[in-house]
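Good morning, everyone. Let me put the structure on the screen, and then we will walk through it.

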Amino acid sequence: MPEPLIAILTGWDGPLGRGHVQRMASLLDYLITETGMRATLLADSCPEFFPGELRRHVRPEPEGRVSLFVRDMRDSSAGEIRRLRETAPVLCVDDLGEGRDVADYALDLLPDPSTGAPRNQPDRGLFLYGYGFRSALRTLGDAIIEKTVDYTLYAGESPDDEYVDFLVSLLPPDAGYAVFRGSGSFMRDGSSTKAIGRDDYARLLLSSRVLVSHFGIALYEARAASCRPVAINPSAYHSRLCDNAPADLGIRNLGTRDALDTTAAAAAIRDAAASPSVTEVSAAKVYASTRENLDRFCRLLRTMI
């Protein structure tokens, strides 16, 4: 009998950003390469960062009988989930839509954005880190990385130059820093500037004392890399997510950009780098922790089939 087929539904860019597809890419890769289970990403197009070995597992329709749908797109409708359930059970991940109550299973990896108590306490032991983070960690092997970079800034996949300049203006003038912004990412050290790419992301998180970003999986990845997470958010929604995140993440939430006290924010960012939690990090240990979470997640999936 063939192995069960896991069909993943997710999205990217626009309001969803890259976090959902990054973590589902991690799941897809792990299911295929580590568990022997069959898996596919159901989509009409392929995320541009997918390598060749993952691209062939992206299809508009499933090939064969689906055993479980994993939907990671937020805000499902009841009708959509009912239609999926006509084929196979459905797991909704971080879904606050009406379809959540219709699905067979619901799981929260991120906090609830409501101002009250989260619906379910997110399970850190199941948290899925991004494919780009994991694949870059894998290439670092047993390297021990020293904390030599003051700051990494994640400004989004395609921010305008004004926003990048704004983030940089909050840093001490003598700081060494990296800016990830999709195309045009760069690192600045003294008077030297050099281009950096996606493959540098994990190494720079491991090397950095502080990450400045909006709420998303980058802040979790920073914490895994012993890099202090500081948040400047585009909306009150993202800021509430920071406030409801597990306390042990240590997120310093500076609020929303439009209400930011820039003097206080610059001081908080400076202070965050002044006392790094560690002086060096083992890439292998961080990678192992991402594998352990995926292993737990996949064992849970097997119970749903």
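Which residue stands opposite Arg 71 in strand 5? Cys 92 does.

A word on the basis of all this. This is a predicted model, where local features need pLDDT of at least 70, side-chain atom pairs count only at pLDDT 80 or more, and totals for chains, interfaces and linings use all residues. Residues are numbered from 1 along each chain as its sequence is written, and side-chain values use heavy atoms, with hydrogens and water left out.

Now the sheet around that pair. Strands here are DSSP runs of E with at least two residues, and helices are runs of H or I with at least four, both numbered from the N terminus. Two strands pair if DSSP finds at least two bridges between them.

Six strands form an open sheet in the order 3-2-1-4-5-6, with parallel pairing. Strand 3 (58-59) and strand 6 (105-107) are its edge strands, and each pairs on one side only.

Start with strand 1, residues 5-10. Six of its six residues are buried. Buried means under 20% relative accessible area, exposed means over 50%, and partly exposed lies in between, with a 1.4 Å probe and protein chains only. Leu 5, Ala 7 and Leu 9 point one way from strand 1. Ile 6, Ile 8 and Thr 10 point the other way.

On to the neighbours of strand 1. Strand 2, residues 38-42, pairs with strand 1 in the parallel sense over four bridges. There, Leu 5 has Arg 38 as its bridge partner. Strand 4, residues 66-72, runs parallel to strand 1, and six bridges join the two. In that pairing, Ile 6 partners Leu 68, and Leu 9 stands opposite Arg 71.

Is strand 4 enclosed or open? Seven of its seven residues are buried, so strand 4 is largely enclosed by the rest of the structure. Three bridges also join strand 4 to strand 5, again in parallel. Strand 5, residues 90-93, is joined to strand 6 by three bridges, and those two run parallel as well. Cys 92 has Ala 106 as its bridge partner in strand 6.

Helix 3, residues 78-85, packs on this sheet. Helix 3 touches strand 1, strand 4 and strand 5, and its direction makes about 145° with that of strand 5. Contact means heavy atoms within 4.5 Å. For the angles, axes are lines fitted to C-alpha atoms, for helices over the stretch in contact, and the values run from 0 to 180 degrees between N-to-C directions. Helix 10, residues 283-304, lies across strand 4, strand 5 and strand 6. Helix 10 runs at about 165° to strand 6.

An open sheet of seven strands has the order 11-10-9-8-12-13-14, and its pairing is mixed. Why is one side of strand 11 and of strand 14 left without a neighbour in the sheet? Strand 11 (192-195) and strand 14 (252-256) stand at the edges with a single partner strand each, so one side of each has no neighbour there. From one strand to the next, the twist averages 15°.

Strand 8 (149-154) and strand 9 (177-180) pair in the parallel sense over four bridges. Leu 153 has Val 179 as its partner in strand 9. Helix 7, residues 217-224, lies across strand 12 and strand 13, at about 170° to strand 12.

Last stop: Lys 147. Where does Lys 147 sit? In the loop between strand 7 (144-146) and strand 8. Lys 147 is buried yet has no salt bridge. A salt bridge is a side-chain nitrogen of Lys or Arg within 4 Å of a carboxyl oxygen of Asp or Glu. The nearest side chain of opposite charge, Glu 280, is 11 Å away; Lys and Arg count as positive, Asp and Glu as negative, while His and the chain ends are not counted. What does the side chain of Lys 147 reach at 3.0 Å? The backbone oxygen of Leu 206. The backbone oxygen of Leu 205 lies 3.3 Å from a polar atom of that side chain.

Notes. A polar contact is a pair of N or O atoms within 3.5 Å; within protein, one must be able to donate a hydrogen and the other to accept it, and residues adjacent in sequence count only if both atoms are side-chain atoms.
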